[in-house]
Amino acid sequence: MRAFIFIALTLSLAACREDAQTPRATLDVGELLSAPADPRFERALEPRELEFPRDHGPHASFQTEWWYFTGNLADDEGREFSYQLTFFRRALGVLPPPGTSPWNARDVFMAHFAVGDIARERFVAFERFERGALGLAGAETTPWRVWTRDWSAAGDLEHGPVRLAASDGEVELSLTLHPAAAGSADIVLHGERGLSRKGAHAGNASYYYSIPTLLTEGTLRLGGRALRVRGASWFDREWSTSALEAGQVGWDWFALRFDDGSALMLYLMRREDGTRDTASSGTFVESDGSVHALRLDDFAVDVRARRRMERSGTDYPARWSVRVPRFELECEIDALLPESELALAVRYWEGPVRATAKRGARESSARGFVELTGY
Amino acid sequence: MISILARASLRYLRRHPAQLVLAVVGVALGVAVVVGIETAAASTARAFRLSTRALSGSATHVVRGDARGVPDALYVELALDPLAPKSAPVVQRSLALIAPAPRTLDLLGVDPFAERPFRASSVSSGAFDGAALVRSAGAWLAGPTARELGLEVGDELAFSIGSETRRLVLAGVIEPQGESARAALADVVLTDIATAQELLGVEGRLSRIDLALADDAPTRAAQLERVRAKLPPTCVLEPASSRAEAVESMTRAFELNLRALGFLALLVGVFLVYNTMTFAVVQRRSLWGTLRAVGATRGEVFRTVCSEALAIGCAGTACGIGLGWLLAHALLGLVTQTINDLYYVVSVRELVLTPMVLAEALALGLGATLIGALFPALDAMRTTPRATLDRAAPESRLRSNTGRLALAGAGLCALALALLRASGTSLALGFAALFLLLLSSALAVPLSTTLGCRALAPLFGLVGGNLGRIAARGVTSHLARSSVAIAALSIALSATAGMGILVDSFRGTVVRWLGTALAADVYVSSPSSFSNRDSAVLAPELVQRMLSAEGVSEASLFRDIELDLADGSRVFASAVDLRPRSRSAYTLLEGDSARVWSRFDGQPTLLVSEALARKRGLGVGDELQVRTAQGPRAFEVLGVFRDYSSDQGWALVSRSTWVAASGEDRVSALGLFLEEQRDVDATVAALRARLASGETARVRSKRELENASLEVFDRTFAVTRVLRLLAGVVALLGVIGALLAIELERERELGVLRALGLSPAGLRAVVLGQSGAIGLLAGAFALPLGVATALVLILVINARSFGWTLEVEIAPRVLAETFALALVSAFVAGLYPALRMARLSPAAALRGE
């Protein structure tokens with residue numbers, strides 16, 4: 001659920017600022033919120049039969065989609081790290097442009113790559129933009145692959161392995177992901193069989209599924225040292241055409257993997273007036289694999305602490321209490337790396353969290369990610 | 001409390017405002033010319049640097065290709081390699097805008113997604129949408145440019161590409177924030193890279209790839225290695241600054257020439273100051289005597305005179321800087337026009353008075369004033385109370401020294417000549433020698449004036465009787481004053497005469513050269529963005545249509561190219577397929593014609609222009625390593641030909657060789673030979689009629705092309721004309737000042753004449769006759785000096801700056817003009833003193849006796 005970010009795909013090449021000698025790209029987020037989608041694009045109107053591996057690949061008839069990997073890792077000494085590698089596709093038009101230059105592109109890709117070093121409170125984030133032309137960026141179904149310049153994710157999402165590779169300067173990540181269960185990965189469809197509503201209007205919705213647990217290992221190079229890391233990743237996949245509805249200003253997204261094998265995804269759509277949009281929802285996955293859709297009245301999220309970013313001065317929540325009475329679930333969620341703000345073309349907070357949870361009388365803990373936009 | 005000396009100074013200056021104003025104006029004009037020229041030239045260079053830097057951004061290196069550019073595939077390979085440096089593709093070319101108004105614009109096709117790093121920032125009013133840039137297939141202009149052209153979003157721009165008209169819609173307007181952005185985006189058409197490729201018809205090709213290498217040395221080295229390993233033989237990797245430096249260095253000689261002209265104006269200004277200060281000191285001899293008698297020390301007197309000069313210098317410099325600033329605006333158009341005609345396209349939006357120029361102006365203005373005041377100050381210091389009654393002391397001192405001064409002048413002249421000989425190819429030393437030569441002539445002026453007046457006196461006597469003789473002798477009896485005026489006027493005149501002769505010789509040489517160089521009857525070319533060089537090509541179909549036109553018997557084919565040399569530098573060249581008649585158009589300075597042409601076609605050989613030969617030290621038998629599609633190849637120099645079309649020089653290679661080396665077979669110009677008895681103008685009209693609508697090829701007869709070339713030539717020298725004029729104005733002021741000084745000093749003498757019965761009209765005649773004598777002498781000295789200046793300019797300065805052989809052509813017209821100018825300016829300068837003296841009351845004038 002990251003509608004905010006795809007907006008970033010519409011870049012603005014702004015006139016130079018005094019400090020920057022060259023024309024720089026900046027983003028005009030506000031303008032795009034209201035950008036109406038071309039009616040010829042397909043919309044997510046009703047549930048449809050999702051099919052894999054077909055739906056891992058691109059959906060050109062929709063305007064926007066993304067492939068989202070976030071993970072909690074640790075090295076051999078138990079030092080904790082986090083990573084995020086995401087790819088967005090946005091179509092500039094329904095039809096490919098008519099020109100004769102190979103640079104003409106129908107789609108534009110954006111990718112974000114972030115690494116957090118929790119013990120040292122270090123967080124770095126990078127971005128790439130590229131047009132879907134000349135093999136510079138793209139998404140393919142068979143074999144499954146999505147890439148933006150030299151950053152890529154490729155492999156078999158259901159049976160493994162999936163390989164992720166991204167680097168920028170001194171920071172380099174190379175990971176191999178496998179399904180948690182032997183055989184094939186558990187694909188969790190959100191909302192109504194994968195149709196996830198984002199607003200009151202029909203079509204303001206997306207197709208949305210996740211793979212909550214992908215066992216992860218590989219190397220992380222940070223500051224000249226290569227570290228062997230292992231852990232677990234969460235894969236999110238969503239495609240749509242709709243934009244945000246009027247009045248919606250952003251959202252908070254939670255993804256938690258509990259050590260008893262259960263998982264929780266929540267998203268809270270925030271409105272201008274400070275209320276939560278009724279389209280906010282979530283999914284609870286029991287350790288036996290059973291999936292339960294949650295509506296806004298099924299859960300409660302209270303912010304317990306906030307944190308002001310050193311760099312941007314933006315104030316983000318940093319601690320939450322979450323209750324899901326239907327499953328007797330109560331948990332306290334803490335940001336592990338409060339400075340996990342991606343100050344990129346679009347600014348948002350996306351970072352690792354840990355949670356202590358009580359399920360009835362049983363206690364457990366969790367690792368996961370939170371995303372905060374529109375602050 | 002102000003000292004008595006200072007009060008005496010102030011009182012004097014207050015009572016002689018005309019002197020004061022003249023001196024200030026003299027310094028101001030000299031400084032203004034220097035500031036004006038420097039500012040115009042520096043602003044142009046700065047605009048060029050800013051826009052190159054801003055347009056190349058943070059790029060540290062660039063990959064360039066051969067004539068066809070860099071293949072897209074190389075960029076893709078670099079972009080996908082994590083170990084390669086950050087890169088951005090660029091398609092850039094100067095474009096001829098034909099509608100809504102003719103103008104040269106710089107097309108810049110970029111990939112907004114590769115223009116990194118992207119930063120979040122508040123979107124300014126002028127922001128535009130990068131995705132829209134990709135999507136719109138349109139053009140984006142900076143606000144000022146769009147407004148100048150009267151364009152609004154949605155309007156159409158028509159460009160002449162090769163021989164066709166192509167259009168783009170104005171998709172957006174960027175309001176650049178800050179000066180560097182304004183400089184960068186002035187006259188730039190920004191498009192997506194796909195749009196640029198399609199507009200130019202270069203799909204799959206880039207002009208260059210910008211690279212931003214890492215800062216740390218090991219990574220940088222590894223990245224360079226990585227890029228080199230991927231480079232096809234047609235591409236080179238070079239530092240981003242090298243191209244800009246090469247382009248900038250082209251105009252260095254041009255700027256130095258302008259600067260030298262500015263100094264010349266200042267030199268005349270120095271004479272003016274010297275003259276004023278001398279006069280101011282001499283007029284107050286009795287005052288100095290009195291002051292010394294009441295106890296003022298020599299040092300105090302010296303300091304007083306110097307302070308006066310400093311005050312004049314400060315006022316003059318301040319005015320001069322302001323005036324220069326205005327002058328810069330006027331000169332800017334001329335300077336940029338010349339640079340656009342000859343070197344590169346630059347659009348200057350902002351004039352900048354740099355601290356450098358300010359410092360130079362201060363140093364020159366104050367320095368010149370102090371130098372001008374030094375001798376008068378020493379003179380005042382040496383004044384003894386007794387000497388105050390002796391008005392003629394400085395005159396007699398000078399008169400007894402004329403021989404020695406002339407001898408010193410001869411010595412200086414010898415030094416100047418030795419410097420000319422010894423300075424090798426140094427342009428700056430060449431100018432230094434020229435200035436020495438002018439100064440040496442100034443030293444010879446007192447003696448020459450004395451001799452000249454002796455010769456003139458009988459002549460004047462013949463015309464004006466006693467009055468005539470009085471007028472002529474007046475010049476020698478005030479030798480100190482009149483020789484300064486004569487020196488100033490003759491130096492200024494000889495400089496203008498020298499420039500005139502240079503331009504005449506140059507123009508004459510070019511006219512003769514054009515006569516032989518343009519062998520064909522009709523020329524077809526694509527409209528050029530640069531007047532002197534054109535990278536555009538003609539559509540093959542158009543070429544066929546022209547070649548098969550009625551009346552055309554045969555044609556020479558030309559393609560303007562750039563040869564990439566193994567050392568990374570480039571040489572302009574023309575790939576030609578010449579008919580025998582076109583061959584004879586190339587006058588060989590080196591190399592045997594029969595041998596040259598027998599080995600030219602289809603072989604790795606070339607001919608180089610005189611300028612190129614000189615610039616690169618090339619001669620027959622030398623080799624140039626040229627990068628071709630098949631790798632580097634040695635091209636042998638067969639000969640050197642005479643050429644005046646480019647001061648950068650260029651080479652001639654055979655078309656068949658070029659096609660084999662590059663795979664490029666397009667044509668940028670045709671030289672058509674018509675059948676016997678064909679009417680050229682009628683055929684030109686018929687050929688023009690064969691152009692399809694939207695085709696913009698230029699069809700010109702030999703004569704039209706000649707005229708167009710001379711037009712560019714004349715535009716180039718427009719700056720020179722303006723500067724000649726300015727030097728003339730400064731000289732005129734000098735003469736007025738000197739005459740005024742002489743006449744004021746002669747007040748008593750003239751008063752005696754009046755008392756003896758000379759009518760006011762007679763007095764006017766004496767004064768005018770005297771200034772006429774000064775003009776006559778200055779004119780007479782200016783002629784040989786002008787010729788000498790011209791010879792130095794043509795044989796030394798021009799040769800060192802541009803490497804051209806010019807045939808010296810001394811038109812009597814230039815000499816007559818110079819002489820006439822001398823007389824006229826002397827006459828004009830004499831008018832005011834004449835009128836003033838005529839009103840003189842004998843009683844008042846004699847009261848001092």
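Which residues touch the most other members of the largest nonpolar core? Hi everyone, let's start there, keeping in mind that this is a predicted model.

The core in question holds 182 residues, and the ones touching the most other members are B:V524, B:L606, B:A651, B:L670, B:V735, B:A773 and B:A778. The biggest giver is helix α26 of chain B, residues 760–802, which supplies 21 residues. Two domains of chain B, domain 2 (445–518 + 705–849) and domain 3 (527–696), each put at least three residues into this core.

Let's zoom in on B:V735. Leaving aside residues up to four places away in sequence, B:V735 touches B:A485, B:A488, B:L489, B:I774, B:S825, B:A826 and B:A829. Apart from this core lies another one, of 151 residues, and its members include A:W103, B:F113, B:A196 and B:C235.

Now back to helix α26 of chain B, where we find B:L793. Is B:L793 buried or exposed? B:L793 counts as buried, because 27 C-beta neighbours sit inside 10 Å. Setting aside residues up to four places away in sequence again, B:L793 touches B:G498, B:L502 and B:N798. There is also B:F431 to look at: B:L793 and B:F431 are 362 residues apart along the chain, yet their C-alpha atoms are separated by 8.7 Å.

Last stop, chain A. Here we have two helices and 25 strands. Chain A has 375 residues, and 53% of them are buried. Of the contacts in chain A between residues at least 6 apart in sequence, 56% join residues at least 24 apart.

Technical notes:
Residues numbered from 1 in each chain as written. Chains lettered and ligands numbered in written order. Predicted model: local features only at pLDDT ≥ 70, side-chain atom pairs only at ≥ 80, totals over all residues. Core = buried A, V, L, I, M, F, W, Y, C linked by C-beta atoms within 7 Å. Buried ≥ 20, exposed ≤ 12 C-beta atoms within 10 Å, placed from the backbone. Helix = DSSP H or I, 4+ residues; strand = E, 2+ residues; numbered from the N terminus. Domains from an automatic or database assignment. Contact = placed C-beta atoms within 7 Å.
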